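Here is a short report on one protein chain. Keep the structure open while you read.

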Amino acid sequence: MTTGTGDGLVWLDTPAFPEAARTALADTQLRGNLRRATGTIRDKRLAVTGELADWEQLRAAGAALKRRTLRHLDRYLVELEESVTRAGGTVHWAADADQANRIVTELVRAAGADEVVKVKSMATQEIGLNEALAEAGIAAYETDLAELIVQLGGDRPSHILVPAIHRNRGEIQGIFRREMAAWGRPAPEGLTDEPRALAEAARLHLREKFLRARVAVSGANFAIAGTGTVGVVESEGNGRMCLTLPQTLITVMGIEKVLPAWSDLEVFLQLLPRSSTGERMNPYTSTWTGRTPGDGPQDFHLVLLDNGRTATLADTVGRQALACIRCSACLNVCPVYERTGGHAYGSVYPGPIGAVLTPQLAGVDKAPSLPFASTLCGACYDACPVKINIPEVLAHLRAEVVESKRRSHRAPTPEALVMRAAAAALATPLRLSAAQRSARLGSHLLARKGRIGRLPGPLRAWSDSRDSPQPPAETFHAWWRRTHPGETRSGESR
């Protein structure tokens with residue numbers, strides 16, 4: 001299902017985005033599933049955000065809080081460690097995926113367990129924790145309904161919030177009928193594709209796992225530096241079961257999730273549910289501080305994950321991607337994501353935020369096509385609850401990709417040669433006029449019905465995905481000279 005690159009970020013076994021996108025576009029079932037799901041979530045989000053007169057002020061407050069926290073991240077992380085330790089928890093620092101997986105594996109073994117129940121977590125997907133635990137002989141059971149569907153189907157997530165968004169009810173029914181028995185309690189006889197029936201089948205299947213689990217693994221939406229409190233928001237209640245029943249709780253959290261103070265949650269607990277599920281508040285908001293004797297898990301471990309985040313923080317333009325609260329609002333408004341789905345991005349982080357976050361965490365040389373997986377329409381920026389300027393970061397990363405290719409080639413690339421030729425042609429009016437005359441003459445051989453479908457030589461890459469208009473028979477300058485013979489360039493009469 002997934003393959004590790006050795007750089008700390010798990011990659012899906014897919015080709016580069018352009019090729020993967022072409023395959024996805026040909027899947028009409030996938031496109032139909034995505035259109036219905038993203039459209040529904042998008043409409044719900046617009047309805048609930050429109051209820052708040054101060055929505056834009058909330059967005060501004062969230063953006064400001066994230067910016068301030070990232071500027072002083074080192075201080076808040078040390079404060080968080082001190083607060084968690086004081087509350088009876090244990091903090092572990094993981095520089096990369098391998099170290100994080102090793103820490104979690106050792107903690108599970110120390111607890112004497114050979115299985116864990118999991119709360120939905122992007123961080124654990126990012127590091128390939130399930131696969132690492134499996135190699136160590138430890139079974140990891142996903143308890144989020146969508147993650148369960150993905151796991152049972154041997155599939156991979158395609159959306160940050162709704163990992164099984166690419167599946168419809170009939171497909172889910174088939175997966176439950178075929179696969180549940182191999183993972184535990186089988187699907188009920190005569191299971192239908194009604195949502196209520198599917199949800200009940202998942203509850204019955206998971207209940208025995210909740211009751212016997214000794215160790216749970218979670219992610220975190222937020223952690224409060226001042227109190228050591230960690231928080232998870234969810235819609236189903238499976239997370240609450242994982243966070244309260246097992247003896248040991250292990251939380252893997254990206255270092256950017258820390259917030260300075262408890263009062264900061266007032267902003268984010270309004271922004272997140274409205275932006276993600278289109279709800280006014282999350283049905284389940286769970287917070288815990290260290291451990292409490294006789295109540296809930298008696299061993300709490302917080303694994304603080306870097307895995308490329310410090311390097312991203314050093315980029316003054318790209319660091320704003322670390323403000324992401326994983327709401328997925330950008331995915332639901334993106335015209336590219338809606339047509340290709342998440343698998344085409346080749347990363348556990350799909351959509352617009354994945355197109356900027358993945359190249360930064362893994363390096364632009366590992367994901368050079370992702371910054372170009374966008375129309376730069378700006379819909380993602382408008383939807384982002386913390387005002388991440390994704391188009392700005394995309395353009396910034398595109399420049400890095402071009403520069404990286406330039407450094408890796410001793411000889412100029414075809415694109416570089418074309419740009420040099422264009423610079424030379426634009427340097428003087430005479431050269432520009434000569435280039436325009438040549439283009440008009442050559443276009444007669446290539447154009448069909450006013451469009452050029454395939455350009456020659458190094459220009460071919462440009463026309464692989466777009467037609468080019470045929471150059472006009474007369475340029476603006478030529479038209480001006482012909483129609484205004486008595487005027488100079490400044491517009492004054494001679």
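## A leucine inside a helix

L271 sits in helix α12, which covers residues 265-276. Helices here are DSSP runs of H or I with at least four residues, strands are DSSP runs of E with at least two, and both are numbered from the N terminus. L271 has 0% relative accessibility, so it counts as buried. Buried means under 20% relative accessible area, exposed means over 50%, and partly exposed lies in between (1.4 Å probe, protein chains only).

Which residues does L271 contact, leaving aside neighbours within four places in sequence? They are W55, L58, R59, G62, P385 and V386. Contact means heavy atoms within 4.5 Å. Take L58: 213 residues separate it from L271 in sequence, yet their C-alpha atoms are 7.2 Å apart.

## How the model was handled

This is a predicted model: local features need pLDDT of at least 70, side-chain atom pairs count only at pLDDT 80 or more, and totals for chains, interfaces and linings use all residues. Residues are numbered from 1 along each chain as its sequence is written, and side-chain values use heavy atoms, with hydrogens and water left out.

R59 belongs to helix α3, residues 55-71. Its relative accessible area is 6%, so R59 is buried. The R59 side chain reaches the backbone oxygen of Y381 at 3.0 Å.

E115 lies in strand β4, residues 115-118. Is E115 buried or exposed? At 15% relative accessibility, E115 counts as buried. Its side chain makes a polar contact of 2.6 Å with the side chain of R212. A polar contact is a pair of N or O atoms within 3.5 Å; within protein, one must be able to donate a hydrogen and the other to accept it, and residues adjacent in sequence count only if both atoms are side-chain atoms. Not counting residues up to four places away, E115 touches I138, A139, Y141, R212 and V215.

## The nonpolar cores

The largest nonpolar core holds 104 residues. Such a core is a set of buried Ala, Val, Leu, Ile, Met, Phe, Trp, Tyr and Cys residues joined through side-chain atoms within 4.5 Å. L80, F176, F268 and I353 have the most contacts inside the largest core. Helix α16, residues 351-362, gives this core its largest share, six residues. Apart from it lies another core of 22 residues, including A100, A111, V116 and A123.

## A four-stranded sheet

Two strands pair if DSSP finds at least two bridges between them. Strand β8, residues 229-234, pairs with β11 in the antiparallel sense over six bridges. V232 stands opposite S286 in β11.

## The whole chain

The protein has 494 residues, and 50% count as buried. It contains 22 helices and 15 strands. Its C-alpha trace spans about 95 × 55 × 50 Å along the principal axes.

UniProt, in an unreviewed entry, places the feature "domain: LUD" at residues 79-304. UniProt positions follow the numbering used here, feature names are shortened, and annotations may be inferred rather than shown by experiment. Over residues 79-304 the chain is 42% helix and 21% strand.
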